[in-house]
Number of protein chains: 2
Amino acid sequence: MTDMILHTAHGSGRRAAPRISIERILHPRSVAVFGASESVAKFGGRIIHFLTRHGFAGDIYPINPIRAEIAGHKAYPRVSAVPAAPDVAILAVPAESMLDSVREAAEFGVGCCVIITTGFAEAGAAGAEQQAQLVELAERTGMRIVGPNCMGFIVPHHRMALCSSVVLNTDTLGDGSIGLVSQSGGLMVSVFDRAKTDGIGFRYGVSLGNQSDLETCDFLEFMIEDPETKAICLYIEGLLDGARFRRAAARCREAGKPLLVLKTGRTEAGVVAARSHTASLAGSWEVFTAVCREQGVVLARDPDDMVRAAHLLAQHPGERRGGRIAVLSSSGGGTSTASDRVTEVGLALAPLQEATRHELEKMLLPPQAANPVDLGGRIVPADVEIAGDATRILFADPAVDYGIGFLMSMPFYLKRTLAIGEAARDCGKPVVMVCTPGAAADPARQELRKTGWVVYDSFEQALRVLALVADYDRLRGRPVEKSSRPAGLPQSESLRAWRAGPQTEREVKALLASYGLAVARDALATSPETAAEAATAMAFPVVLKLVSRDIVHKSEVGAVRVGLIDKAEVLAAATEMRQRVRAALPDARVEGFSVQETIRGEAEVIIGVRRDEQFGPIVMVGLGGIATEILGDVAVAMAPVAAAQIRSMIAELRAAPLFAGARGRPRLDVAAIADAAERVSWLAHDLGPRLTDLEVNPLIVRREGGGAVVVDGRATFKDQA
Amino acid sequence: MTDMILHTAHGSGRRAAPRISIERILHPRSVAVFGASESVAKFGGRIIHFLTRHGFAGDIYPINPIRAEIAGHKAYPRVSAVPAAPDVAILAVPAESMLDSVREAAEFGVGCCVIITTGFAEAGAAGAEQQAQLVELAERTGMRIVGPNCMGFIVPHHRMALCSSVVLNTDTLGDGSIGLVSQSGGLMVSVFDRAKTDGIGFRYGVSLGNQSDLETCDFLEFMIEDPETKAICLYIEGLLDGARFRRAAARCREAGKPLLVLKTGRTEAGVVAARSHTASLAGSWEVFTAVCREQGVVLARDPDDMVRAAHLLAQHPGERRGGRIAVLSSSGGGTSTASDRVTEVGLALAPLQEATRHELEKMLLPPQAANPVDLGGRIVPADVEIAGDATRILFADPAVDYGIGFLMSMPFYLKRTLAIGEAARDCGKPVVMVCTPGAAADPARQELRKTGWVVYDSFEQALRVLALVADYDRLRGRPVEKSSRPAGLPQSESLRAWRAGPQTEREVKALLASYGLAVARDALATSPETAAEAATAMAFPVVLKLVSRDIVHKSEVGAVRVGLIDKAEVLAAATEMRQRVRAALPDARVEGFSVQETIRGEAEVIIGVRRDEQFGPIVMVGLGGIATEILGDVAVAMAPVAAAQIRSMIAELRAAPLFAGARGRPRLDVAAIADAAERVSWLAHDLGPRLTDLEVNPLIVRREGGGAVVVDGRATFKDQA
């Protein structure tokens, strides 16, 4: 059903040129409000009220069949009665009359309809059908649609709150430099409300709902080019065009603009929720993650964390090595808990320079003149200067990327807190201030806020936000390697010769060999007797496998035997294997036996490729066994991928120490693994839409310099397109 | 240095009987305040002030050499001038004069000295020496000491704030049912201040600092037996007596009283911080974790989370299956993010009963009549009843263990929020209310607080707390299995025959065999020729190993060869092995060659035992390779341990699917693994302090019913005690 929705929404191809740009939609000169009312208890009433209250400078046209004037604006019985077609119309009318209203708007020349009303694709088949009719209108006329099932947008610098949420019932809108695009309207206004308390403002807040016409990337692309937008936050339930998102993210990276994303549908439960909320198909989380890592996009799990990290990044655009934190606390309990938590989330306490320690030791007891600093243990009498000076000295250390002021309720009095705040601001680095709430702490919290600080309630909160900042800093520092086609690969047209369906192991190995991978030597035999004969031509022990394209998991049906040490064992094994498979799978077509040399190595690696609906061919590399299959410790990248990038991804796996030779083991030939994966990624690329999946399992990897050899593989192809 | 501190503090053995009970220390009839002052800018001034302000009903004796009266209380020039020896004296005098003051107190008959002053063991060797003298006084006289480097305690029901923190400058102390014991004073008062904002009160708040005399377990044991203490929270930097803690935790479990612990020193950075803060030795985190899991102790990572979870558990003492959550949200963005996060932290969305869905469908659109409930999508007009009714229906479902009301700023108006709050309270289950802050949301937040709710700022916060509650519920439901000594084990006295130092593999295997483990058959040979001869008596292929107690990691020096398929290969391998080892390790004593049968199985398991300083013998079980060595995915238990407990711990490993037969693999013989581990744990127990470490690596495990066989092992023993 959801496939159908996407198809009707986006699949029809022929469409009229857009009437209006995204820039104009966000900065309209005129707005028509359907269902306008004097009553702020109604959607249309609040919209008029907020437009007026926040001083929208363009024309406001209330649409109301009865009233002559609403909230001081001349009202019109229908949109076509308005003096000139408005740039934007916002509609919260009932779903039943929506199509008529939108049709009239389209015919009259309205630039864009923002549809608040719910009950469309997210509510089932009937709603999806109604939504499809709206989209058809947009495509035919070039009028754009935002929504349905959205909450409109907020553009503070344009003095425009085109949104009905009570959150906008404030004196100011809170201008800022963060662009926020959210499928969920509720989430947008909740984030907006909370950020306001923190003193964080937005350049744009856009809610998209069902994304029937305009979608996340339309606004993302605009904000990337908008010089006043310094960081971009997205809340995504379903991505409509993965390739477009990837291109936009790459552009954002080039522009040096932080992009942070909260995407739901990371778990099965989240996939179901996204579908019922905005009729969104969540897509594969692991692939989305890989695209984001590739392009330096930060993945958040909490919307407020995302916005706070964006705020820090917008304030501190400089490049940092990333990950090294200095903590200043008012309590030894604070320094102890902080030390553990910093390390547990994968960050590090910055190792201070000798000069820094020396300076700190002038005012603090020796064990406290370290990182974290415990201001509780002073040698000189308590006063304001110590707090400010210690802060200044600690955060100025060149090894410190970020600072945390962890001010528990006691013993931090107001003046000292403000001295710390002032010194911390002067250091010019991303610093977060934690001041746990409570009656004793609240005056200090309020004063810190007044001087521009976002005050965090807990160390956990602050650390989560800094971890996002560190993610950005680390990812942006990573070079993006482009893969160039290795010399000697076959022409991709040659792949047309391969028939559709599952391939035999021998076929897969032949294909891999043609792409330059080393594969284990084997011989095909048609009977147990000829298999035994073929084995004598190799070095014992040998491996024996049944050849059949109907058996995908050979070892599960006893169709693989390893370590056969002489001719007699091969004969016996082949005879038994044939009998067993005939009994278990009488319909399986058996093409013979494959006798293979035994490949010895240090580890087994799996290389897999498949085609993702959103992003195209992807490649996965992981250790065989528990790491890949149970723990999901796998490197994932878009294909084709450069060997250098595979290497850096392997270095980030949890199993990385095994590749690098942990605990007296030899170093694996990671270069050979990466080379093999790059070649397989080109094969995936060349197969194009014919690829269903292909897996090298295992690739036997030898110690560094020894190479890597494919000993088994499987693949399934689709028909020619 | 820290070892010395612990020794002088606790190691002297002979000590006078305690003068005063913990109960009396926490409920003194009289208190002397050294350094008492009229000025609240001074420690002693604030203590007198807070004692008076909160209505302490016992006698208050200010000690001040100059003043005749302080804050309305008759002052005394020294403690020995007080009419009767006070139960408790609190001292914030300078470290230099501390010993004299404490000596006078001890001689006069004071029950307990609470020492606030810092600069003792946590500050270095000189301070440690001073602390040792204080402790010597306590041990000789029976007077007790709390601290030094503490902040005293708070006992609201006794109207006593024996603490100088400005946090106590409040109208009420906030009586409650949670007992809090914290090494850090700053953490105690910060937690206290914040909890007060939440409406959470304490039965006791005790800070211990350096634990020079009275330590965590003294107060823990008291609170376990105190019927009004319903849940206990501990903040620990260093445990002084692991065995005592384990016994107390077991008693707490029997008493059905939730015990929650935040322990620092989980990471290397945390270990360093704990040492410099309260001179504490952190101990092994993995072993502490194992003890806590065994005894149903909940491990927290944030102090406020710990207290909030304790509050929920104290309010809802009933037993629950645990782990299944229902979420009610005001936004589809909320339900989507909630769905992902609940799953990601290892909890589950409760699957609703048919009747519940049916009831919800009367008021909500079909996709919202599920778990999570999205109150945004209603079919009937927005009103108060729907919100309350949906809450009541959802949380009443028997599949629901816990509820989360996730009320983002919009569109929840005050009345609806309160209706949800009321309905949620009526369900009688642990429910948390999230209402993200902001100008629009704050009135609802305040009203919720007034009706007794702890209002969470973010879903993350609430989920972390529920995860702790779920931990408790799951752990308490687990039976504790006691291991009884398996029949046929040797007398532990027989182990006296084993000499100290590293044992050879053959010796370890013989020892394991005597404890009833299956071991691989082998033969000892003194030369390559006799090794080849011995091999012919076994089935090929065979394994060849060099026998030497000087080589711990045989495979790293090429002293192991597997898969030798005939006599010639054995001869060649043994010859080469001898040459290689002679070249690489000329000093290693070589006792010969071991020829072993090849054991085939489905997986390799490691069983290790070692002796922990705090807790005695411990046993560890994990899969060989990456799982254990790189990922630390290991079951850890105190020895001896019952096989049934090992099995339930294996089921909780990340690698558990591999034991249970994931992805077409056979089920492993977990019973055989558990039996082997239980026997090894008895061996560890019997070895007592002679055990350094012993490792079975690998134990080859066959499919279910096929058993498990030791193929290699190593051990090191200490001299007889």
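**Exercise 1. A glycine in a loop**

Task: Leaving aside neighbours within four places in sequence, which residues is A:Gly323 in contact with, and is A:Gly323 buried or exposed?

Solution. This is a predicted model.
- Step 1. Beyond its neighbours within four places in sequence, A:Gly323 contacts A:Leu347, A:Ala348, A:Asp401, A:Tyr402, A:Ala470 and A:Arg474.
- Step 2. A:Gly323 sits in the loop between helix 11 (303-315) and strand 15 (324-329) of chain A.
- Step 3. Check accessibility. The relative value for A:Gly323 is 2%. Buried means under 20%, so A:Gly323 counts as buried.

**Exercise 2. A serine side chain**

Task: Which backbone atoms lie 2.7 Å and 2.9 Å from a polar atom of the side chain of A:Ser207?

Solution. 
- Step 1. A:Ser207 belongs to strand 11 (residues 202-207) of chain A. Its relative accessible area is 0%, so A:Ser207 is buried.
- Step 2. At 2.7 Å from a polar side-chain atom of A:Ser207 is the backbone nitrogen of A:Met151.
- Step 3. At 2.9 Å is the backbone oxygen of A:Gly152.
- Step 4. Neighbours within four places aside, the contacts of A:Ser207 include A:Val146, A:Cys150, A:Ser182 and A:Met188.

**Exercise 3. Two helices**

Task: How do helix 7 and helix 8 of chain A cross, and which residues meet?

Solution. 
- Step 1. The axes of helix 7 (residues 216-225) and helix 8 (residues 242-254) of chain A come within 10 Å and cross at roughly 15°.
- Step 2. Angles under 35 degrees count as roughly parallel, so helix 7 of chain A is roughly parallel to helix 8 of chain A.
- Step 3. The crossing of these two helices is left-handed.
- Step 4. From helix 7 of chain A come A:Cys217, A:Asp218, A:Leu220, A:Glu221, A:Ile224 and A:Glu225; they meet A:Arg244, A:Phe245, A:Ala248, A:Arg251 and A:Cys252 of helix 8.
- Step 5. Sort this contact by class: six nonpolar, no polar and five charged residues.

**Exercise 4. Backbone exceptions**

Task: What is the phi of A:Gln211, and what is the omega of the peptide bond from A:Asn371 to A:Pro372?

Solution. 
- Step 1. Start from the rule. Most residues other than glycine have a negative phi, and most peptide bonds are trans.
- Step 2. A:Gln211 is not a glycine, yet its phi is positive, about 50°. A:Gln211 lies in the loop between strand 11 and helix 7 of chain A. At 2% relative accessible area, A:Gln211 is buried.
- Step 3. In chain B, B:Gln211 has a positive phi of about 50°.
- Step 4. The bond from A:Asn371 to A:Pro372 is cis, with omega near 5°. A:Pro372 is in the loop between helix 13 (354-361) and strand 17 (373-374) of chain A.
- Step 5. The bond from B:Asn371 to B:Pro372 is cis, with omega near 5°.

Conventions
Residues are numbered from 1 along each chain as its sequence is written. Chains are lettered from A and ligands numbered from 1 in the order in which they are written. This is a predicted model: local features need pLDDT of at least 70, side-chain atom pairs count only at pLDDT 80 or more; totals for chains, interfaces and linings use all residues. Side-chain values use heavy atoms; hydrogens and water are left out. Helices (H or I, at least four residues) and strands (E, at least two) are DSSP runs, numbered from the N terminus. Buried means under 20% relative accessible area, exposed over 50%, partly exposed in between (1.4 Å probe, protein chains only). A polar contact is a pair of N or O atoms within 3.5 Å; within protein, one must be able to donate a hydrogen and the other to accept it, and residues adjacent in sequence count only if both atoms are side-chain atoms. Contact means heavy atoms within 4.5 Å. Axes are lines fitted to C-alpha atoms, for helices over the stretch in contact, and angles run from 0 to 180 degrees between N-to-C directions. Angles under 35 degrees count as roughly parallel, over 145 as roughly antiparallel, 65 to 115 as roughly perpendicular and the rest as oblique. A crossing is left-handed if the near helix is turned anticlockwise from the far one by less than a right angle, and right-handed if clockwise. Ala, Val, Leu, Ile, Met, Phe, Trp, Tyr, Cys and Pro count as nonpolar, Asp, Glu, Lys and Arg as charged, and the others, Gly among them, as polar.
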